[in-house]
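Here is a short note for your first look at this chain. Keep the viewer open as you read.

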Amino acid sequence: MPASYASRFDGISGSAIRDIFRLLTNPSIISFAGGNPASSALEPELISRLAQEALAENGVNILQYGQTEGYAPLRQSAAEFFRHNAVEARPDQVLPLVGSQQGLDLICKALINPGDAMLVESPAFLGALQTFKLYQARLVPIEMDEGGAIVEDIEKKIIAERPKLIYLIPTFQNPTGRTLALERRRRVARLANEYGVTLIEDDPYCDLRYRGEALPAIKSFDQGDNVLYLNSFSKIISPGLRVAAAVCTDEELMRKLIIGKQSTDVHSPTLNQAIIDKYLRSGLLEGHIKQICASYAAQMQKMQEMLEGFPKSVRFTRPDGGIFLWCELPKGFDATKLLPEATKRGVAYIPGDHFFALPGGHHNSLRLNFSNASLESIEKGMTLLKGLFVDQGL
Ligand SMILES: Cc1ncc(COP(=O)(O)O)c(C=O)c1O
């Protein structure tokens, strides 16, 4: 007899995410599908040294049960680190997480009842959309343009839909690479304060800037503790260590997040938190980020140069950083239907449809990742992709 599963799983297959991981592990396919850092950006020797140092200095404490609130030295070093992004927080306002994905889960656990409205960018990160759907949120898309989410549309929908949460990825957005303009950051913070809506600022790409001036986080304009800031060490140090942190200046919400986390995993693995803490205190991170930014900038440029050689009817974003480009083919093309043929030819991407809260109407879009492909693979993979699209009549 089949199990009677919870209704929160109705309509959720998880297949998009599973397919992406499958495409990433097939070595014969050039994959622009994931969101992984370059293998060359990972530093097993340094991480091993930091782990040994941490264990030598504080081993018994690290191997014992820890506090749900997080490893105290990391709360302090992360609070310090976020200052470069204009986020001011005390260590007790920083909650280490098992990836920012856990932050998305915990904030929903704290605030969302089935049917509650949430505003999400259109398109938005598919891992976040899946989490929000599991909590049975009613997702309301926000319109975007080249300057990110459109503030007038956010205000209109706050009034009409009374959302519990607004979810924004303001810098080098996943999937489009777009960045929320400075004045819009100020205005969305004001809207969150004025209407008393919690705004999730999910900011894992802010340090991957290849040109232009860094922008202060939305959180830096938050006058009423309505902005929950999430940042992750996945893209700049290692996704496998699963260390991220939330900055929550609302004490009551912080208590709820901690209780929610306690029931999920008691606490984040202390050794991983200690490794990230050591890295932050080592003085090496700035140089590492500069190095990966130089490679990723060249990879992005290569991918854009290749796209410039596509027929002019293909439109694509031109971000100042991050790890993704977003492409739109002429109407009538279906990136989902073309994916099996693309993988047969040896190249993979993610069809754009997966990034929209409401199905339909976006078949002609796709997301391309450039951080985990060499210049040579980008040239080869993009040539394959162009060949496929041209053969389909582009
Ligand atoms: C916008 C965004 N938020 C959150 C995550 C999850 O990151 P983490 O590895 O910190 O869980 C990702 C990963 O791709 C992302 O793109």
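How many helices and strands does the secondary structure of the chain come to?

1. Start with the count. This is a predicted model. Its secondary structure comes to twelve helices and 15 strands.

2. Next, overall size. The radius of gyration of the chain is 21 Å. The globule rule gives 21 Å for 394 residues, so the chain is as compact as a globular protein of that length. Taken along the principal axes, the C-alpha atoms fill a box of roughly 60 × 55 × 50 Å.

3. Now the inside. Of the 394 residues in the chain, 56% are buried. Look also at contacts between residues at least 6 apart in sequence: 75% of them join residues at least 24 apart.

4. Turn to one helix pair. Two packed helices are described by the angle between their axes and the distance between the axes. Helix H10 covers residues 285–308, and helix H12 covers residues 375–391. Their axes come within 9 Å and cross at roughly 20 degrees. Angles under 35 degrees count as roughly parallel, so H10 and H12 are roughly parallel to each other. Their crossing is right-handed.

5. Which residues make this contact? From H10 come Ala298, Gln299, Lys302, Met303, Met306 and Leu307. H12 supplies Leu375, Ile378, Glu379, Met382 and Thr383.

6. Sort those residues by class. The contact of H10 with H12 has seven nonpolar residues, two polar ones and two charged ones. Find each of them in the viewer.

Terms used. Residues numbered from 1 in each chain as written. Predicted model: local features only at pLDDT ≥ 70, side-chain atom pairs only at ≥ 80, totals over all residues. Heavy atoms only, no water. Axes fitted to C-alpha atoms, helices over the stretch in contact; angles between N-to-C directions. Helix = DSSP H or I, 4+ residues; strand = E, 2+ residues; numbered from the N terminus. Parallel < 35°, antiparallel > 145°, perpendicular 65-115°, else oblique. Left-handed = near helix turned anticlockwise from the far one by under 90°. Contact = heavy atoms within 4.5 Å. Nonpolar A, V, L, I, M, F, W, Y, C, P; charged D, E, K, R; others polar. Rg over C-alpha atoms; globule rule 2.2 N^0.38 Å. Buried < 20%, exposed > 50% of the residue type's maximum accessible area, 1.4 Å probe, protein only.
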